[in-house]
Structure formats: C-alpha cells, structure tokens
Amino acid sequence: MLSAGGLKIFSGTSHPELAEIIARRLGIPVSKAEVTCNGIGETSVRIAESVREDDVYIVNPGCGEVNRALMEMCIMIHACKIASAKRITAVLPLFPYARQDKKDKSRAPITAKLVANMLQESGCDHVITMDLHASQIQGFFDVPLYAEPSAIQHIRTHFDVKDVVIVSPDAGGAKRATSIADRLGVDFALFHKERKKASEVSRMVLVGRVKGKTAILVDDMADTCGTLVLAAKHLTEAGATKVIAIVTHGILSGNALKNLEESTLERLIVTNTIPQGSHQAACSKIEVMDVGIVLGEVIRRSHYGESVSKLFHEVPF
C-alpha cells in the first residue's frame, strides 16, 4: 500500500468508475477535483487539494462526449501544472481520435498527432494508453499498453484451448491475432475485407480453417459491430461450433447492440476502458473484463521507477 503523499489520482467525468478501481489497487483515495460545464459548454476545473511536488495521474478516457473529455483532460493537466505538480501523467486507455492516425487522402489531418500535441502543450509529461488503433502512433506516447495478456488469461481460464482458433476480422489485426495464437499454441485465421466506405464492409473472405472449432475474434475496438457481426456469420457458415469476440474498446455506437443481439456471436467480451453498464443492461451478450488492475500496477511501477515491460506479457496479481 502506498502513502497518500507524493502520488495523486484525479478523475474527469468520462469514467470515474475506472479511476476508483485504479485508486483501490494503489490503496489511496481518488483526489478531489471539481469539473463543471456552463450553459454554453465551457468546462471549468478546480483542483480541490494541493498537488505541489506531487506525481499526478489524471484518468479520463476519450469516451462518451469525446471533445468534452479531451478538453477536461487538457484543462486538468494545465491546472495541475500551474499548481506546481512535479510530474503529470494522462491516463487515456481509449485515446481520443486514435483512428485518425494517418493522411489517407489529400488535405486530411492527422488528428491523433494533433491531440498528442495538445496534451504536451497543456503540460503533460507522460501518457498511458491501451491498444492504440495503429502501431505507428505508439511513438507519440510513453507507455502504450496492451490488453493482450488479459485476453490470453481469459481464454485460458474460460475455454478449452485445444478447441480454439484465433481469428482476426481484418488483415490489419493479423499481428495481434498471430501473437495471441502463438502464445496459446493454437491456429489462427483471418478475414480479407473490402469496404464500401469507412464504416461499411461490403465483402469478407475467410482465410484459414475453423470447422469444429471455437472461433475467437480479436480486435482493438468495436464501434458499430458491422465487421464482427459479418465475420461471425461467415465463421458459423464455415463450420465453427461457436463464435466469441474479445475486444479492448467496446464503443458500441448506433445500432451495435441490436446487431449483436441478432447476430450469431455467442458473446462479446470487452474491457472496462469505457463504461459498459448501460451496454450490459441493453444486451445480454456483453461481458466485461477488468483492466483497471493493470493500469493501477502501471501507475505504481511508474511512480516508483520500476520497469513496466513485464506487463506487456503477463497480468499482475
């Protein structure tokens, strides 16, 4: 257990439950801050206790009202900076605008880089994030974590591994799928998909054998769930006995919950980087995997100057 002096955990309004889980892991309370929004949408922050010479961690994932969450984070960082905090770390398990990570057409902005610059200019010293949408933006951050160890532990404890095949819903996730499959000692398959537009898939082709197996789809995020639902349909038609999906960030926007209920997916396992209470209440297929313990352990190790690389491969107790 840590003493309250020297380390402070603050929370914005986007996911206070995650901040509480992290604080419990560390054995300290969440520090007091008042975050309000006026009638025209301006965010106001008041840090309600001293942070002078403290190591400050601010938890506010980019979920819900993303722009508001981002402004809250920047203003809280600035407030702690001018209050003489020794070090400020932004804890953003779901990084805002992570999907806008490349210049894919003329005059397109690289918004993920802009957000990284905003955090830095606000006074942020480090960023802790989880399962970034694309590996090329890891260079923007100090501690890019992975949910892979948690997913592997979940598969080992809940499934008969010899009957499992790991499936990537697209070629971009093949590295993630092969890494999990190799560590479990199982086969993997992947889909080649063609899109009509960014959020709509027109055709998917399965590469690999899934007949008679439990197919586990792995991905970094599920938004409308169009890809997962279509992949589950193809896997069932290809002879998979059941289809499960494990996703780090369960955004689940639009008709995602309705699509899930009507799909051949038996279960969608998501982490709690985003609040999932309302999603679970509306859809019986959603199961939540806690990564707050991992984030808490990263903060503890970072605070004491210990290595965090071990957490890339195993889940802390």
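E53 sits in the loop between β3 (43-47) and β4 (55-59); strands are DSSP runs of E with at least two residues, helices runs of H or I with at least four, both numbered from the N terminus. The model is predicted: local features need pLDDT of at least 70, side-chain atom pairs count only at pLDDT 80 or more, and totals for chains, interfaces and linings use all residues. Residues are numbered from 1 along each chain as its sequence is written, and side-chain values use heavy atoms, with hydrogens and water left out.

E53 is not a glycine, yet its phi is positive, near 60°. Its relative accessibility is 53%, so E53 counts as exposed (exposed, over 50%; buried, under 20%; partly exposed, in between; 1.4 Å probe, protein chains only). R107 also is not a glycine and has a positive phi, of about 65°. R107 lies in the loop between β5 (87-92) and α3. Its relative accessible area is 75%, and R107 is therefore exposed.

Helix α3 (residues 111-122) contains N117. N117 counts as partly exposed because its relative accessibility is 31%.

A pocket is an open set of points on a 1 Å grid over the protein atoms alone, where a 1.4 Å probe fits, with protein on both sides within 12 Å along at least five of seven lines; lining residues have an atom within 4 Å of a point. The lining comprises 23 residues, and G62, C63, V66, L94 and I251 lie nearest the centre. Helix α8 (residues 277-282) gives the most to this lining, with three residues.
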